[in-house]
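The points may be read alongside the structure.

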Amino acid sequence: MLILNCPYCGVDAEETELAAGGEAHLKRYGPGSSDGDFHDYLFMRENPKGVHFERWRHANGCGKWFHAARCTQTLEVFGTYSAQVFEPPQKIKDAITAKRPGWTWREFS
Amino acid sequence: MSEPISALNHASYTGIAKVEECGLQGMITLRGDLSDKVLIKAVKDATGQKVPGQREALIKGDTGVCWMSTDELLVLVPYAEVETKLAVMSNALSGVHALAVNVSDARAVFRIAGANAREVMGKLAPVDLSAEAFQPGQIRRSRLAQVAGAFWMDDDETFRVVCFRSAADYVFKLLKVAAQPGSEVGVY
């Protein structure tokens, strides 16, 4: 069972209180963008074995969206952080580096 | 005018704890910046309470205020006063970015009382309800089996549960099953 700490209400919420929201930090390519960019935005997702960034919503709780960094292989959670950011905060990156040296994910490392 | 009536009209059940529907409760959902002075004063005027901190519930009887999220409060007032209180509150908040709505008739409230109240709730919500983790003065929004619900403790053996009115019958049946005689687990 996955347990994530909601950064808004501070609760250690288990999976059944949460709703998964797919991959984190997607950049939207809308009207005016090239077909290639729009295609990649719509369809191309990371599917890593290891470090991964996701969006979650505390649906049966405070209702807020947040980000989570976790390992898809071991289900280890590196940390959760605010939804109002474009990239993982340094604290989260450091926590991942401590456990998974040399990790990369899209343009982050 | 027709007489307002609560979802289950004080239905009750006694097993390892007493479960009862509390009847009508005035409730106002208030959203806005919780650090705004105008909002803080509006909450004080309506309930006599300060704005609660994270997951705090400041409640006396049927008046009080609960922390629902970083920008949402649940204001409890007696059912008969809800329209007047809401009018005063909306008026006070007219100049700030905030929203207050009367949700009294969209909700149902239950009381679970007795030495095994923690057990009854613990069977339904994925929440640590041990005395060290959950105490009077705290509120927890979670789920009760398959529906959303929030609850707090009035004292060490009494919970109050708020759910959507449309799910009131389901929640009452859940509570009845969880409170069946002989169903003590003995964890808390």
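1. The contact takes in 11 residues of chain A and 10 residues of chain B, where residues are in contact if their C-beta atoms, placed from the backbone, lie within 7 Å. The model is predicted: local features need pLDDT of at least 70 and side-chain atom pairs count only at pLDDT 80 or more, while totals for chains, interfaces and linings use all residues. Residues are numbered from 1 along each chain as its sequence is written, with chains lettered from A and ligands numbered from 1 in the order in which they are written.

2. On the side of chain B that touches chain A, two or more residues come from each of strand S5 (63-69) and strand S9 (139-144) of chain B. S9(B) gives the most, with three residues. Strands (E, at least two residues) and helices (H or I, at least four) are DSSP runs, numbered from the N terminus.

3. Chain B has an open sheet of five strands in the order S4-S5-S6-S3-S7, with antiparallel pairing; two strands pair if DSSP finds at least two bridges between them. Strand S4 (57-60) and strand S7 (98-102) of chain B are the edge strands, each pairing on one side only.

4. S5(B) and strand S6 (residues 72-77) of chain B run antiparallel and are joined by five bridges. Gly64(B) has Leu76(B) as its bridge partner in S6(B).

5. Helix H1 (residues 37-47) of chain B lies across strand S3 (26-32), S5, S6 and S7 of chain B. Helix H2 (residues 82-92) of chain B lies across S3, S6 and S7 of chain B.

Definitions and conventions: Two residues are in contact if their C-beta atoms, placed from the backbone, lie within 7 Å. Axes are lines fitted to C-alpha atoms, for helices over the stretch in contact, and angles run from 0 to 180 degrees between N-to-C directions.
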